[in-house]
Amino acid sequence: SKSNGFRPFDSQDWCIVWSRWTIDGDYDIYGAMVNWDGTIKHSAFGIDTTSFDSLVPTVTSITDEKAGKRYALTAYQDGQFGGTHYDIYGIVTEGSTYVDEANLTVLGGGSSFQYRDQLRPSADSDGCRFAVAFVEEYDTGDLDTLIHTFHLDASMQLAVTETREALDRDI
């Protein structure tokens, strides 16, 4: 241990996310900023509070500093048409501040409201890009896992870095 009291994670904050049932009769996504030692840096804030069911949130590691700011992407399945169809959406935040959002299914080359559900996202960051994996249901029980990578472009909008074929098609 170092005698000067330096701890490498002293300035490290994490964004945590969850989905909860609201009085409006749907599920919304909330987040909080937490310090490495468990101290709450910013209490609960709304990430997606639309009238659609927003479920299964996952948040990336925070990016490396870019122009003095650090970003996180929250990916989640969003129920359109009263929860009868799901696409994967993403919202980028800097702390508790909204930066951009997009339908990641469409941004990744799919078509919105197609007759396939995109479900159960998992996301992370390598420090500058975001990777989002999710399951796509082609027919009942025919599930494929896909992965897309995204980044923030010069205008701070989500953009596709690369799209991938299914990771486990027809296993």
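**Figure 1. Overview of the predicted chain.** The model is predicted. Of the chain's 171 residues, 43% count as buried. The chain holds one helix and 11 strands. Along the sequence, these elements follow the pattern β-β-β-β-β-β-β-α-β-β-β-β. Among contacts between residues at least 6 apart in sequence, 39% join residues at least 24 apart.

**Figure 2. Strands β1 and β2.** Strand β1 covers residues 13-21 and strand β2 covers residues 27-35; the two pair in the antiparallel sense over nine bridges.

**Figure 3. Strands β2 and β3.** Strand β3 spans residues 40-48 and runs antiparallel to β2, with five bridges joining the two. Opposite Tyr30 stands Gly46 in β3. The hairpin of β2 and β3 has four residues between its strands, and here Gly38 takes a positive phi near 95°.

**Figure 4. Confidence and residues 1-10.** The chain has a mean pLDDT of 82, and 84% of its residues reach 70 or more. In residues 1-10, however, the pLDDT is below 50, and this stretch has four contacts in the model beyond near neighbours in sequence. Where pLDDT is low, the predicted coordinates should not be read in detail.

Notes:
Residues are numbered from 1 along each chain as its sequence is written. This is a predicted model: local features need pLDDT of at least 70, side-chain atom pairs count only at pLDDT 80 or more; totals for chains, interfaces and linings use all residues. Side-chain values use heavy atoms; hydrogens and water are left out. Two strands pair if DSSP finds at least two bridges between them. pLDDT is the predictor's confidence in each residue, from 0 to 100. Contact means heavy atoms within 4.5 Å. Buried means under 20% relative accessible area, exposed over 50%, partly exposed in between (1.4 Å probe, protein chains only).
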